[in-house]
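This report describes a single protein chain, moving from selected residues to the overall fold. The structure is shown first.

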Amino acid sequence: MTSLAGLGPLAKLAVRRDRGILPAWLYILLILVAGSAYSIKKVYPTAASRDQFAATVPHNPALLFMYGPVYGHSLGGITAWKPGVLTAVLAALMSVFLVIRHTRADEEAGRLELIGSTAVGRQAPLAASLLVALAASLVLAVLLTAALAAVGFPAAGSLGYALAVAGCGAAFAGVAAVAAQVAATARGARGLAIAVAAACYLLRAFGDSAGPGGPNWLGWLSPFGWAEQVRPYGGDRWWLLLPLAALAVVTLAAGWALSSARDHGAGLLPQRPGRPQASRLLDGPEALAWRLQRGALAGWAVGFAALGLASGASAKGVGSLIGGSEQLRHAIARLGGQTALANAYLAAIMSIAGILAAAYATATLLRLRSEETAELADPVLATGTGRIRWALSHVGVAVLGTALLLACAGVCAGIGYGARGGDLGGQVASLLGAALAQMPAALAVAAVAVVAFGLRPGWSVACGWGALAVAGLLVLFGPALSLSTWVLDISPFTHLPKLPGEPVSAPPLAWLCVAALAMGVAGMAGLRRRDIA
């Protein structure tokens, strides 16, 4: 039996298991690029408007940090700039989650031990996951090329852009393969691979925004920088696809070699032994919930801080960035709920931060369901801890974490906006209040997961994420689609004041808090009466 025996059936099994999530990833990436291309054609229909837009980007460090420089003033060049880096990062994350799910996560859950007891080679599970990840990147390249060509962009530039994005996906499939051998747990492997992706993004961001005399060479240390420098529609530097391919080959080979050099169930980095006695900070379910969730909260906080700082710094020049595009001006005004452009832009950013905070709260609360199904709640409930206290420990982390994330976004947005406008203290206070005003709606959305967990636990994941999707889509796209008021009112975010700029009305905030509390109480009552697991 060879080391690749059973590769075909394992690859088919991986595709079958991912038949829902993998098409969702491809659809999101395709819609992101195709939607950006369509909207850019509408917003910047003339060469003069595109020239004016491209001329403002090099003078805005925040935009250079987030998106990089614009190469070319054509519709294709602006389209490759707007979703370019984000699409490459998402393609990398798609590969990371896919590879680790079918390698380290299956090994940790004991599935690979059952598979290994059959006529399956040692390297077949890793090879199957890598084969599926590379196939997904290839399919993504085909779809992106076809979509951009269908919009009317040049075929060569479309292919170059698609291959750059797919190259990042292939490279990080190899990074995930290495991380799956180094870390001993799936969570550790995902954290390691995501940390590498974040470091690569920051290298590119600091290199692009460094200015003429700064360390621009930092961008050349990042695969995202290489993908950006392909310059589709603005030069088509095809040779820069070679470093991406070389990185993919090197990381894939490293993951392959490390896989054969470690014991099954172990990682190359040994796990640190715990303390012989727990500290006083770990003497109850509340401390345990905090310990389990603190790593994820720290990662979310960094993301919220970066979003706030970059958005606040961009708000000062949003008028010059939009230029004469009335469509984009109206779109920001609709989303921000007011006519003052800077306030509307900041209010729109705060709405997005509120939706993201609701996503964090939902994910944190659904940890209850995952602990129940994995039988990790049983040892806790076998002690003197009641099920309500156990559940409230995670609810408390979700509430406090949501407040912390929104505070990070508000303070950093105030710093970015106030530093450029000369009113640091006033803007920090104003935008901190605007961010925290999103909290009642975020908790009301997340409370749906608590209700479902208490009353219908099997539906909790679908209900929690479904409620978030409906609320987010209504507030983001409902005004543009001219939906009826009663439809828009379904989303809790619709009832929030558009801050900064609008007067604050206390009753809607109070009613949202009451609704979140009522759903929480209903969920706890259901949990108290039903069977665990």
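## Packing around F172 and the nonpolar cores

In this predicted model, F172 is in contact with A92, S95, V96, A193, V196, A197, C200, P223 and F224, once its neighbours within four places in sequence are left aside. F172 and F224 are also the residues that touch the most other members of the largest nonpolar core, which has 75 residues. Another core lies apart from it; this one has 43 residues, including A357, A409, V475 and L499. In soluble globular proteins, nonpolar side chains tend to be buried together.

## The chain as a whole

The protein chain contains 24 helices and 0 strands. Its radius of gyration is 24 Å, close to the 24 Å given by the globule rule for 533 residues, so the chain is as compact as a globular protein of that length. The C-alpha trace spans about 65 × 60 × 45 Å along its principal axes.

Of the 533 residues, 49% count as buried. Among contacts with a separation of 6 or more, 76% are between residues 24 or more positions apart. The accessible surface of the chain is about 24,100 Å², and 68% of this area belongs to carbon and sulfur atoms.

## Selected residues in helices and a loop

| Residue | Relative accessibility | Class |
|---|---|---|
| L346 | 1% | buried |
| S36 | 11% | buried |
| Y233 | 14% | buried |
| R231 | 25% | partly exposed |
| T485 | 57% | exposed |

L346 is found in helix α16, which covers residues 341-365. At 1% relative accessibility, L346 counts as buried because the cut-off for that class is under 20%. Beyond four places in sequence, the contacts of L346 are S311, G312, A315, Y417, L431, L499 and P500. One of these residues, L499, is also a member of the core of 43 residues. S311 is 35 residues from L346 in sequence, with a C-alpha to C-alpha separation of 7.6 Å.

S36 is placed in helix α2, residues 21-43. With residues up to four places away not counted, S36 touches I31 and P83. S36 and S158 are 122 residues apart in sequence, and their C-alpha atoms are 14 Å apart in space.

T485 belongs to helix α23, which comprises residues 485-488. The C-alpha atom of T485 is separated by 44 Å from that of C200, and the two residues are 285 apart along the chain. C200 is one of the contacts of F172.

The loop between α11 (223-229) and α12 (241-259) holds R231, and Y233 is found in the loop between α11 and α12. R231 has a positive phi of about 55 degrees although it is not a glycine. For Y233, likewise a residue other than glycine, phi is positive and near 70 degrees. At 25% relative accessibility R231 counts as partly exposed, whereas Y233, at 14%, counts as buried.

Note on methods: Residues numbered from 1 in each chain as written. Predicted model: local features only at pLDDT ≥ 70, side-chain atom pairs only at ≥ 80, totals over all residues. Heavy atoms only, no water. Helix = DSSP H or I, 4+ residues; strand = E, 2+ residues; numbered from the N terminus. Rg over C-alpha atoms; globule rule 2.2 N^0.38 Å. Buried < 20%, exposed > 50% of the residue type's maximum accessible area, 1.4 Å probe, protein only. Contact = heavy atoms within 4.5 Å. Areas by Shrake-Rupley, 256 points an atom, 1.4 Å probe, with all protein chains shown as cover. Core = buried A, V, L, I, M, F, W, Y, C linked by side-chain atoms within 4.5 Å.
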